Amino acid sequence: MNTYSEQQRDSTYQWAEGFKKSIPVAMGYLPAGIAFGVLAQVAGVPVWATIMLSIVLYAGAAQYACLPMLSAGLPIGSMATNIAAINLRHVFYGMPLLTYFPANKLAKTYCLFALTDETFSVMTSLPHETRRALILPISLFNQSWWVLASAIGVMIGSALSDLVPHLDFALVCLFAILAYEQFQSIKRYFPIGIAIIALVIASFFTRDWLLLVAITICMLMILARGFWIQRKVGETHEP
């Protein structure tokens, strides 16, 4: 009986703590999600489709990018290719957190699906011993904020778009705030350095595919750094 009560208390604490950790994300998701809902209405996307995008796709930048593609009636294959390119960075998000995913397969699958920029930022700023317990609550609460915000944006409709132009910039502001908060927590200059270098290099080659080229350069630089570190470690351990 005591063991069961302790488990209940632990579970309640984890969900309460997960809710608290999701509040800073909510502060960014609410305006960004509302902006998405409003812009979706302006683009003529049906209400049900707007909500489903936030539930099934759940990728802020990709959802914003979907709107002009849906309005233009692009083929599914073309949209899927563009979304995959935008979300290419997510390939690296699961690697540092592999040991912290839940043991339950369904919960693990959901956490992998819901591992957005913001959730990754929050998780990597937590102490290692709390990550496994909090990754599911934080992931679920973060998506709930986004879906709620999208629904509010749909209800507001296009009126807000006329009053406040360039609403899609809310997502850029959210990324900037989270990047700053993560840097304050971890104090690592390497990610900022490669991002700036990759953007500068990519800008010399293209404008239309700037994001994709910059992400590709970032990936190559991260891999090169990983191989270099591995080689140095191997040389250190050589007799």
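1. The α3/α4 crossing is right-handed, meaning that the near helix is turned clockwise from the far one by less than a right angle. This is a predicted model in which local features need pLDDT of at least 70, side-chain atom pairs count only at pLDDT 80 or more, and totals for chains, interfaces and linings use all residues. Residues are numbered from 1 along each chain as its sequence is written, and side-chain values use heavy atoms, with hydrogens and water left out.

2. On the geometry of this pair: α3 (residues 60-72) and α4 (residues 76-86) pack at about 155°, with axes 10 Å apart. That makes α3 roughly antiparallel to α4 (angles over 145 degrees). Axes here are lines fitted to C-alpha atoms over the stretch in contact, with angles from 0 to 180 degrees between N-to-C directions; helices are DSSP runs of H or I, at least four residues, numbered from the N terminus.

3. Now the contact itself (heavy atoms within 4.5 Å). From α3, A61, A62, A65, C66, M69 and L70 meet M79, N82, I83 and I86 of α4. These residues divide into 9 nonpolar, 1 polar and no charged, where Ala, Leu, Ile, Met and Cys are among those counted as nonpolar.

4. C66, one of the α3 contact residues, is buried at 4% relative accessible area (buried means under 20%, with a 1.4 Å probe and protein chains only). C111 is buried too, at 0%. The whole structure has 0 disulfides, a disulfide being a pair of cysteine sulfur atoms within 2.5 Å.

5. Lastly, have a look at V147 in helix α7 (residues 128-156). Leaving aside residues up to four places away in sequence, V147 touches S54 and I55. Its C-alpha atom is separated by 9.2 Å from that of Y29, 118 residues apart along the chain.

Note on methods: Buried means under 20% relative accessible area, exposed over 50%, partly exposed in between (1.4 Å probe, protein chains only). Helices (H or I, at least four residues) and strands (E, at least two) are DSSP runs, numbered from the N terminus. Angles under 35 degrees count as roughly parallel, over 145 as roughly antiparallel, 65 to 115 as roughly perpendicular and the rest as oblique.
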